Amino acid sequence: MNTTNNQIQTKHVIFITCAIVLLAISVGVSAIVVTSTGLQRQFAEAETPDAQTQTCTHIFQPDTKLVHHDAVTYEVQHPATYETVSVPHTVCNICNETIDGKTEEHRALTGHSGYTTNVPIAETHQKTKEWTEVVVANEAYDELVTETETCTSCGEVRAVEQ
């Protein structure tokens, strides 16, 4: 019977030891030492690295934004242009007045009876009107600008020199 009791005691010790080991693992005990005075626990030091010794091999990605630039323009004033053209007229032979379509009226008013048709007279006519031209010095455009970069590992943000 003694042997059976020893076997039962051994099984109990093994069972209790396994239970203690499982419990120790769940609460962070790194070693259980069996001594003649009983079980002793030894805790491992925390395995969290010191914040100062923890380093990141940064992988920076650019933080970009779209910036619109308006067109740069200026105005150029263009003056009206003129040209001299030869225009045929009817002219009184006595006073040299232009009497296009009024020969009878002119004779009645002045008593001048002689006139010549198709006399070429130089006249200044406006060829083009004055106008303002808008000149585009630089077209409008959109630009992708990077002002900062962010580390994809730790989230650190740094400014980008322009």
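Visitor: In which strand is the place of Thr-124?

Guide: Happy to show you around this predicted model, where local features need pLDDT of at least 70, side-chain atom pairs count only at pLDDT 80 or more, and totals for chains, interfaces and linings use all residues. Residues are numbered from 1 along each chain as its sequence is written, and side-chain values use heavy atoms, with hydrogens and water left out. Strands are DSSP runs of E, at least two residues, and helices are runs of H or I, at least four, both numbered from the N terminus. Thr-124 falls within residues 115-128, which is strand S6.

Visitor: Is Thr-124 buried or exposed?

Guide: Buried means under 20% relative accessible area, exposed over 50%, and partly exposed in between, with a 1.4 Å probe and protein chains only. Thr-124 has a relative accessible area of 59%, so this residue is exposed.

Visitor: How far apart in space are Thr-124 and Glu-83?

Guide: In sequence, Thr-124 and Glu-83 are 41 residues apart. Leaving aside residues up to four places away in sequence, Thr-124 touches Tyr-82, Glu-83 and Thr-84 (contact means heavy atoms within 4.5 Å). From C-alpha to C-alpha, the distance between Thr-124 and Glu-83 is 5.5 Å.

Visitor: Over the ring of which residue does the charged end of Arg-158 sit?

Guide: A charge sits over a ring if NZ of Lys or CZ of Arg is within 6 Å of the ring centre and within 35 degrees of the ring normal. For Arg-158, the charged end is 3.8 Å from the centre of the ring, and that ring belongs to Phe-60.
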